[in-house]
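Let's take a walk through a protein together. Have the structure open and follow along as we go.

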Amino acid sequence: MKKLTFVAAMAIATVALSSCGNSTPKADLKNDIDTVSYALGMSQTQGLKEYLVGSLGVDTAYIDEFVKGMNEGANAGDDKKKVAYYAGIQIGQQISNQMLKAINRQLFGEDSTQTVSLKNFMAGFITATTGKQGLMTLEQAQELATSKMQEIKSRQMEKTYGPNKKAGEEFLAANAKKEGVKVLPSGLQYKVIKEGTGAIPADSSLVKLHYEGRLIDGTVFDSSMQRGEPAEMYANRVIKGFTEALTRMPVGSEWEVYIPQELAYGEREAGQIKPFSALIFKIQLLEIKK
């Protein structure tokens with residue numbers, strides 16, 4: 001017989017147990033039905049322990065409590081009241097162990113001292129589930145949740161990575177005063193090391209170039225120059241500051257470009273690049289491919 005994993009086996013109707021509590025019913029294999037029932041019971045546990053621990057967060061030190069609940073659930077049969085209650089327990093556990101943890105991680109990152117309000121979360125969740133009149137419509141709630149989460153996340157990012165932002169602003173302010181540095185209205189800065197005489201790419205152009213990206217402390221985070229092979233990319237498929245520089249550079253040029261964080265990755269993290277980091281690129285534009 002083809003083996004089933006526990007997750008798949010959950011779709012199979014459960015045979016009611018003859019006992020309850022946290023004890024194991026005693027097997028009594030009098031005939032083929034008894035025997036196949038026992039064999040099925042054992043075979044359908046394939047992957048169960050991994051599912052309990054990995055997906056449900058069950059601590060196996062409390063396996064007796066699991067058995068107790070399982071016995072009660074199996075003996076409930078099609079009792080609609082008990083089915084509803086057990087479903088509530090399951091959803092409640094998912095809220096505690098999955099939903100809220102994911103939301104807190106999204107809002108507050110690794111700061112475990114902050115959390116959304118369980119009381120207010122449950123008030124909204126239950127109101128919507130039961131169809132009662134809430135403080136807002138479901139559509140309003142979805143829009144408000146999205147906007148407020150973004151606001152809270154931005155404040156948290158500012159708190160955690162604010163020093164990066166300040167350091168970038170101070171660097172750019174000082175850099176703008178240096179000889180040969182030009183400042184564009186967007187805040188992008190650049191210095192021409194070598195002026196080319198070729199065509200200037202459109203934002204949709206495929207270009208061939210060499211580049212080296214650095215943090216303001218001098219850390220190199222990416223470099224085609226070190227790899228020894230030019231890169232090819234579409235001018236409009238990179239960060240905004242890089243695009244703005246490329247679409248001003250004649251082929252044959254070499255520039256050093258200083259990109260404010262809002263024209264780079266902003267509050268996103270990208271490898272060695274932390275949120276709100278100003279970036280420096282040395283760019284050699286070799287060719288417009290198309």
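**Starting inside**

Find I283 first: leaving out residues up to four places away in sequence, I283 touches L209, H210, Y211, F242, A245, L246, M249, S253, E254, W255 and V257, where a contact means heavy atoms within 4.5 Å. Keep in mind that this is a predicted model, in which local features need pLDDT of at least 70, side-chain atom pairs count only at pLDDT 80 or more, and totals for chains, interfaces and linings use all residues. Residues are numbered from 1 along each chain as its sequence is written, and side-chain values use heavy atoms, with hydrogens and water left out.

I283 also belongs to the largest nonpolar core, which has 27 residues; L209, F242, F281 and I283 touch the most other members. Such a core is a set of buried Ala, Val, Leu, Ile, Met, Phe, Trp, Tyr and Cys residues joined through side-chain atoms within 4.5 Å. Buried means under 20% relative accessible area, exposed over 50%, and partly exposed in between (1.4 Å probe, protein chains only). In soluble globular proteins, nonpolar side chains tend to be buried together.

Which elements each supply at least two residues of this core? They are β3 (206-215), β5 (231-234), α9, β6 (254-259) and β7 (279-288). Helices (H or I, at least four residues) and strands (E, at least two) are DSSP runs, numbered from the N terminus. There's also a second, separate core of five residues, including L172, V181, Y258 and I280.

Now hop to T243, which sits in helix α9 (residues 240-246). T243 counts as buried because its relative accessibility is 14%. Leaving aside neighbours within four places in sequence, T243 is in contact with D203, A235, N236 and V238.
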